[in-house]
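Morning, everyone. Let's walk through one structure together. Have a look at it first.

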Amino acid sequence: MTFHTLEDAFAFYKEYAKRVGFSTKIRNTNRCKETKEIKNQLITCNREGKWTSEIPCVEKTNPMCGVNCPARIYVHIVKKTLRWCILKVVLNHSHPCCPDESQMLPQHRELSMQVCRTIEINEEAGIKPNQTYKALVAASGGHNELGFIEKDVRNFITRDIRNVSEDQDANELGGYLYRMKEQNKDFFYEIALDGDNRIKNVFWADARSRAACEYFGDVVWFETTYNKNRYDLPFASFVGVNHHGYSILLGCAVMKNEDIESFKWLFGCWIRCMGGKAPKSIITDQCPSMPIAIQHCMPTTMHRWCIWHIMKKVPKKLNGFKAHVNIEQEMSQIVWSSMSSDIFERD
C-alpha cells in the first residue's frame, strides 16, 4: 500500500487499530543526515516492548503495559514517486484485542463537534464538568456509547476553552483587581507589564493583610518556592505570625522572573502598601537576587536565611563523610539548642 503523506499512513494504521481493538505508537523515526527529512518510520502496537513491575505478586497489571507485542508496520518513502510505502507488516499480537471496547482507549477517545459545543455552553453557564459529563452519559445511553470519559471533558475545558482567552487574561485580572478596589478602598494592587503589554509582575494585598501588618509586620517571611501556574508565573507571599502563633498573609504576588529588578519592584510595592514601614527583619530562601534587592529597598532591615532550607541541605552536603549521621545529629543539637550567638560560636 502507498500513501501521499506520512500522516495518511499513520491515520490508516490508527483506524485499523481502532477496528481491531488496540492502540498504536511511533516506535522509531529515521531522518536524512543532510536534509533532516524523515525517510522511514516504524509504527507499532502500544504494547510493544517489555514491562517489568517493581512490585512483586502483581494481581492487576496495567492494560497499556508492554508485553513484547510484535504487531507493527514499517513505512518508507520512495524517492522516485515521493509516496510513502508500507514495506513490512506484522498483524499478529501477543495479547488479546478488544474491538468492542477500543473506543475507550486513550488514542481513540474523541469529542464530537456537538459534544464540544455542549461543553462550551455549559462552561459559560457555570455548570460543573462532572455534571456536564453525567448529562452527556444520560443522553447517549451509557458510558460505552459515549466514547470518552470525564477526564476528556476536563482536558477540553482546560486546553481549548480556557486557553482561548489567554491573551485577554491580563485584562481580566486587571478588571478583577479593579473591582476588588472598588468594593474596598483599602485593597491595594499594582501590575507591571512588559514591552508587549503582557503581565510581568502583579502584587496585591487586601485590607485585612494591611491591618495585620501594622501589628505583626516586624518579622516577615518571604516565600517564592511555590509551584508555578500554567503561565509559568511563580507565586510569592509575605507571611507574618500573629499573637496566637498562627501564620497570617501580608501580601501576595506572581512574578515573571526572579531577578534583582523584579524583586526591587515587588519589595517597593509591598513597602508602599504597608505605609512605607519596612520590617525589622525578613527571612527568605537562599536566592542570590534577594539580598541585593532587600539592601536597596530595605537598608535597615535585617536579612536572614530560612533555617529550614539550610538544615534540609545538611544531609546532602555531609553525605560523603563516614560519620555523617553523628555530624548531623550534633549540628542539629547546636543549631536548635543554642540560646545565644556566643553559645553557638563556642559549641
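How many bridges join β1 to strand β5? Two, and the strands run antiparallel. Some ground rules before we go on. This is a predicted model, where local features need pLDDT of at least 70, side-chain atom pairs count only at pLDDT 80 or more, and totals for chains, interfaces and linings use all residues. Residues are numbered from 1 along each chain as its sequence is written, and side-chain values use heavy atoms, leaving out hydrogens and water.

Now the terms. Helices (H or I, at least four residues) and strands (E, at least two) are DSSP runs, numbered from the N terminus. Two strands pair if DSSP finds at least two bridges between them.

Back to β1. Its residue T2 stands opposite C85 in β5. Both strands belong to an open sheet of five, in the order β1-β5-β4-β3-β2, with antiparallel pairing. The edge strands are β1 (2–3) and β2 (24–31), and each pairs on one side only.

Stay in that sheet and look at β4, residues 72–78. β4 pairs with β3 (residues 38–45) over five antiparallel bridges. There, I43 has I73 of β4 as its bridge partner. With β5, strand β4 pairs over seven bridges, again in the antiparallel sense. One example is V78, which stands opposite R83 in β5. The hairpin of β4 and β5 has four residues between the strands, and L82 takes a positive phi near 55 degrees.

What about the faces? In a regular strand the side chains alternate between the two faces of the sheet. In β4, I73, V75 and I77 make up the covered face. R72, Y74, H76 and V78 make up the uncovered one.

Next stop, a loop. H108 lies between β5 and α2 (113–124).

Seven strands form an open sheet in the order β6-β7-β10-β9-β8-β11-β12, and the pairing is mixed. β6 (188–193) and β12 (302–305) stand at the edges with a single partner strand each, so one side of each has no neighbour in the sheet. From one strand to the next, the twist averages 20 degrees. For angles, axes are lines fitted to C-alpha atoms, for helices over the stretch in contact, and values run from 0 to 180 degrees between N-to-C directions.

β6 and β7 (residues 199–205) run antiparallel, joined by six bridges. F188 has A205 as its bridge partner in β7. Helix α7 (residues 207–216) packs on this sheet, touching β6, β7, β8, β9 (235–241) and β10 (247–255). Its direction makes about 120 degrees with that of β10. Helix α9 (residues 289–297) packs on the sheet too, touching β8, β11 (281–284) and β12. Its direction makes about 165 degrees with that of β11.

Last, helix α10. H309, M311, V314 and L318 are buried there. The buried residues of α10 pack against β8 (219–223) and α11 (324–337).

Note on methods
Buried < 20%, exposed > 50% of the residue type's maximum accessible area, 1.4 Å probe, protein only. Contact = heavy atoms within 4.5 Å.
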